[in-house]
Amino acid sequence: MGWSRLCSIPGGSFASWCIFLKGSMTMATGGKNGEPSVPRCTNRLINEKSPYLLQHAHNPVDWYPWGQEAFDKAKKENKLIFLSVGYSTCHWCHVMEEESFKNKEIGEIMNKNFVCIKVDREERPDVDKVYMTFVQATSGGGGWPMSVWLTPDLKPFAGGTYFPPEDRVYRVGFRTVLLRIADQWKENKDALLENSQKIMEALLTQAEIRGQAQESPPASKEVMATCFQQLSSSYDEEYGGFSEFPKFPTPVNLNFLFTYWALHRTTPEGARALQMALHTLKRMAYGGIHDHIGQGFHRYSTDQHWHVPHFEKMLYDQGQLAAAYARAFQISGDEFFADVAGDILLYVSRDLSDQAGGFYSAEDADSYPTATSEEKREGAFCVWAAEEIRALLPDPVEGATEGTTLGDVFMHHYGVKEEGNVSPMKDPHKELKGKNVLIVQSSLELTAAQFGLEVGRLSALLRDCRQRLSAARAQRPRPHLDTKMLASWNGLMISGFAQAGATLAKEEYVSRAVQAASFLRRHLFDPTSGRLLRSCYRGKDNTVEQSAVPIQGFLEDYVFVIQALFDLYEASLDQGWLEWALQLQHMQDKLFWDPKGFAYFSSEAGDPSLLLRLKDDQDGAEPSANSVTVTNLLRAASYSGHMEWVEKAGQILAAFSERLLKIPIALPEMARASAAFHHTLKQVVVCGDPQGEDTKDLLRCVHSVFCPNKVLMLADGDGAGFLSRQLPFLSSLERKDGKATAYLCSNFACSLPVTSPRELRRMLAPGASVAPASRRPAAGSETLAPP
């Protein structure tokens, strides 16, 4: 809806909730030294656990959390609702809070005319998705903070994202919007209500994704080819990535390209797919989106070169990128990629890990430049002035060109300029003026040649420089840490640790994944109901706390945790994780499956406050739950013999058929999964003693080869074990000559047994043929698609 036709909201009294904090224990503090500042109001959000909601607990706005109390107030007082959705590490959310939500006059307008509701999108992705669907449909864009105006029965009629407090040349101000909407509600209420009803009917039609009974999934070959062509045409040949700017890491694109390469590796298209993925990963790692001093990756780059990022760091990026870099090493053998994967996991282990084993959600972009600063600035924790670097690295470099200091070498290699290296175009608030975002500007070889150094010596010098800068940076005020722990993002991070641990042969990574999975089972799973919970929080004294009314898990929580448990089984071979994964898959089916239109809804039925039950139709910064679930279902069937899961996987692909055939670039993870569905999963069975060196050699071989459409299982001879009970055929596979033996099963056939890692590697290589030894249609050994 255009802002020329804005309609909207009346409001309620805040006086009863607005209290002034008094005394030493309750005095609001400002600055960095805890000095008393102006007394602040406190609203209902003070009772919440979400770090984002708590950030707004002292706004002069009568904020409510999403819930019945707010809904009842809106209906009783016949007021419109103003819904504000964001997350705690969102830079523009902070900007809008500082400009508008902390403004007393704007707060009074909000309180008088609207029931104001704050939602943490990471806590309530269901609420976020419903209203983001509306904002995107009516404005052509979306993002956070999301600002939506609703009727008392929760139907949206106007919305947008960030608003400046006052009118600007090309943008209407928040104050103006509030007053116009309030006026429209008084003058044109009936028209507004009628319009909101029409909007809802249109959204219901637009959002519907359904398949037909007996409809076949789209042909994988066509889907894969179109997706590759669309990615190839949007690819940035020089800097990698798939747009000009802003540039997001989007690991789903890279995973698709790796799979496309594996299936077409002898073709020019396959070679290009691999080159696109590896070049993108290298340019990202060289760029400023990669934190060269503190490790990990920022959320996205504001420019084409991966140079100036938005500085928040999200857990979901770290988990997916750790797996992607480990996979790049697995395919290329280039240690550079293994080093970057290790860099990411070091950051997460050090900065995003709870002592109980879970992973925190994010680290903020904004922080105080110094301990005495009054205002936060974006990137302050991460950027450098040239003189600061020279002061930290004054040492002359022995053997280099005369007069060369460590600072000279470091500044050359990382593109540091005396006047700063951030373009004013990428710094609208002038927060980065005179500062440098580190970016690798030349290869080690070129930098070494520039200063007359050996490459090995240069590497050691740069490592020492980074350590010095890290120590200096540790003295700066740290950005805000969102200590909320989400089941879904913890699942993505467990997959990152498990996959990297298996691929890089790092047992400590697998152990960290086990620790986190144990945390999920302890704190985000209800064994009585068999259901996952969405979130928990770091509490006082570093305890783990839960909301008074815990939020139940959403589809993405089940999907990403199930994926993590399959990955963890393959890395650890502990069948307990496999058993839990299959239990959760049954629960996911019960709670979210659409038996009429097929595929899974993002949220459960039965919540009257949710106007739409949606099915995500886009793989973005995170893969969509239905995309990942296709592969999960195929893996579940392989480990259990329950072929109805294969049928469900096909029904999901059929439900999304139109999108997969027309714009598969929107669903690269689902396109990739379609290949697994049509090519069938290979079951790699290793028979042997888990502690035997010959067994370990075969397992290391399996983990060293990129074979996207496979599952790994260990037949350890325990006929009473969970896997043997699920797949009785495993007991018929024998060890050859008493040695650890591998079999490759697919298309109703198992290969001849092999005991040599070299022979096993040949069998696993993409395109290698399998010599059938026996036809065994026993449950679990058959193909995962009709032969």
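Modeller: Let me begin with phenylalanine 336, which counts as partly exposed because its relative accessibility is 23%, where buried means under 20% relative accessible area, exposed over 50%, and partly exposed in between, with a 1.4 Å probe and protein chains only. This is a predicted model, in which local features need pLDDT of at least 70 and side-chain atom pairs count only at pLDDT 80 or more, while totals for chains, interfaces and linings use all residues. Residues are numbered from 1 along each chain as its sequence is written, and side-chain values use heavy atoms, with hydrogens and water left out.

Colleague: And phenylalanine 337, buried or exposed?

Modeller: Phenylalanine 337 counts as buried, because its relative accessibility is 2%.

Colleague: What kind of aromatic pair do phenylalanine 336 and phenylalanine 337 form?

Modeller: They form an edge-to-face pair, with 5.5 Å from centre to centre and 80° between the planes. Rings of Phe, Tyr and Trp (its six-membered ring) pair if their centres lie within 6.5 Å, and planes under 30 degrees apart count as stacked, over 60 as edge-to-face and the rest as tilted.

Colleague: How many aromatic pairs does the count come to?

Modeller: The count is 33 aromatic pairs, and one aromatic cluster is formed by Trp63, Phe82, Phe101, Trp149, Phe163 and Phe174.

Colleague: Which charged end sits over the ring of phenylalanine 336?

Modeller: That is the charged end of lysine 282, at 5.3 Å from the ring centre; a charge sits over a ring if NZ of Lys or CZ of Arg is within 6 Å of the ring centre and within 35 degrees of the ring normal. Lysine 313 lies over the face of tyrosine 347, with 4.1 Å to the ring centre.

Colleague: Changing topic, what is the strand order in the open sheet of five strands?

Modeller: The order is β3-β5-β4-β6-β7, with mixed pairing, and the edge strands β3 (63-65) and β7 (156-160) each pair on one side only. Strands (E, at least two residues) and helices (H or I, at least four) are DSSP runs, numbered from the N terminus, and two strands pair if DSSP finds at least two bridges between them.

Colleague: How many bridges join β3 to β5?

Modeller: Three bridges join them, and the two strands run parallel; proline 65 stands opposite lysine 118 in β5.

Colleague: Last one: where is glutamine 726?

Modeller: Glutamine 726 is in helix α27 (residues 722-726). Its C-alpha atom is separated by 38 Å from that of arginine 538, 188 residues apart along the chain.
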